[in-house]
Amino acid sequence: MENTNHMWKSRWTFIMAATGSAVGLGNIWKFPYITGEYGGGAFVIIYLVCILLIGIPVMTAEIMLGRAGRKDPIASVKAVSQQSGANPAWALVGGMGVLAGLMIMMFYSVVAGWALDYVISTGSGSYAGANAATIETNFADLTGSFSSQLLAHSIFIVLTALVLIGGVTNGIGRAVEILMPVLFVLLLVLLGYSWAAGDFIAGLKFMFTWDASKITSDAILTAMGHAFFTLSLGMGSIMVYGSYMTSQASIGKTVITIGLFDTVIALVAGMAMFPLVFANNMEPSAGPGLMFVTLPIAFANMSYGSLFGTVFFLLVSIAALSSAISLLEPSIAWLERKGFQRSGATIALAAVAWLGGVCSIYSGEVFNALDYLTANVMLPLGGLLIAIFTGWIVSRAVIKEQMQFTSGLVATLWLWLLRVVAPAGVIIIFANSLGLLS
Ligand code: TRP
């Protein structure tokens, strides 16, 4: 598949694309609110350990599989299992990933639509000076309105498809080269605002104070599960992106860079939000409403709140867009291999995702079922199988060729993290999310 428009222009473009996939609603919406719910500092530390011990090794494995197979996730895993003399049925891991990506898109784009809607409502100044009750009602109205959500969700899917139709080099590559630096600048602007207008010290204290009493088994499990989701692992997003990476680039260095970006952006997002929450004497533990209710209330009470509120929701929309393209790319790559034109494949799959999105707008039960099934079943299962496959099944020859380890110690450490630590971690998350541990 080393044909034109199917390779990243440079290692940097790959880093931007993978960071774009990783940095999304998970970082800006979910990470701050679970940090809020689980009490701050101790949770953040556990999360960082999970990124290091589970996230980084599994991400390395996914990129390696993609680059070794050089195809969509299904065909890549199949190719690597054949090269390793293993059962080609391992390709089912790729198949589950392709399906999971479509299913995640069916609710992800609804939430992304809310963010788009907020760009308009905040930007038009309709929240300026509004009281808490008004803002709460507005959010309830939005999530209760079929037509508003349908419009926003449709716009978001069309934007995603437009980027994808352009291909890998000229579509995704060019989009992320513009979007990611913009996202970073917007985030720094918000950090500056939060520093100037918020209670920055209270925010920092909340995020980085170690309080051992906050370490519950629930906090550890949530941190572990989130480490997985935030790095886009377990479904082939990163695998298919890896298949477009040049053979010379170092996978190890690239993964560390992406992991650092994702982590720094999540932490900065927290540091940009909590000081505003504390400056307005509000609670950091509002749950999913933290971003859509608590934060707009804070902005409504602050000078230049409408302006910075708009910047904030623009940032969220960009982050969601660069993640959404990675949710559909595995299935597009798969249809392309089956002989479809890229444009036709993109339109067909975007239509499927759109229809699924309409169902999850229509019924909260569909929304929740899609969320539950992907996040709690398919992603952990995918991650578990990827770790086991890479750690125990893939031949040493393939690993050696792809990884070019210069240190035997690093190689051994990576292999054992994949063989034992990551699977154990994932099995525990898995058992817990299925309710087997309580
Ligand atoms: N990582 C993204 C976020 O934090 C979401 C995402 C994109 C994802 N692709 C993925 C999650 C693949 C799991 C698997 O919002």
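1. Let's start at the ligand: a polar side-chain atom of Ser237 sits 3.5 Å from one of the ligand's nitrogen atoms, which makes a polar contact (a pair of N or O atoms within 3.5 Å). On its own the ligand exposes 360 Å², and the protein buries 100% of that (areas by the Shrake-Rupley method with a 1.4 Å probe).

2. Before going on, keep in mind that this is a predicted model, with local features needing pLDDT of at least 70 and side-chain atom pairs counting only at pLDDT 80 or more, while totals for chains, interfaces and linings use all residues. Numbering runs from 1 along each chain as its sequence is written, and side-chain values use heavy atoms, leaving out hydrogens and water.

3. Back to the ligand, where 17 residues lie around it, with Ala22, Gly26, Tyr108, Phe229 and Ser232 coming nearest (a residue is near if one of its heavy atoms lies within 4 Å). A backbone N or O atom of Gly26 is 2.8 Å from a ligand oxygen, and a polar side-chain atom of Tyr108 is 2.7 Å from a ligand oxygen.

4. Gly26 and Tyr108 turn up again where two helices meet: Leu25, Gly26 and Trp29 in H2 touch Tyr108, Val111 and Ala112 in H5 (contact is heavy atoms within 4.5 Å). That contact has five nonpolar residues, one polar and no charged. H2 (residues 25-37) and H5 (residues 91-123) pack at about 80°, axes 12 Å apart, so they are roughly perpendicular (65 to 115 degrees).

5. What about H3 and H4, at what angle do they cross? The axes of H3 (residues 41-69) and H4 (residues 73-83) cross at roughly 80° and come within 8 Å. Here Leu65, Gly66, Ala68 and Gly69 in H3 meet Ser76, Ala79, Val80 and Gln83 in H4, giving four nonpolar, four polar and no charged residues.

Definitions and conventions
Axes are lines fitted to C-alpha atoms, for helices over the stretch in contact, and angles run from 0 to 180 degrees between N-to-C directions. Helices (H or I, at least four residues) and strands (E, at least two) are DSSP runs, numbered from the N terminus. Angles under 35 degrees count as roughly parallel, over 145 as roughly antiparallel, 65 to 115 as roughly perpendicular and the rest as oblique. Ala, Val, Leu, Ile, Met, Phe, Trp, Tyr, Cys and Pro count as nonpolar, Asp, Glu, Lys and Arg as charged, and the others, Gly among them, as polar. A polar contact is a pair of N or O atoms within 3.5 Å; within protein, one must be able to donate a hydrogen and the other to accept it, and residues adjacent in sequence count only if both atoms are side-chain atoms.
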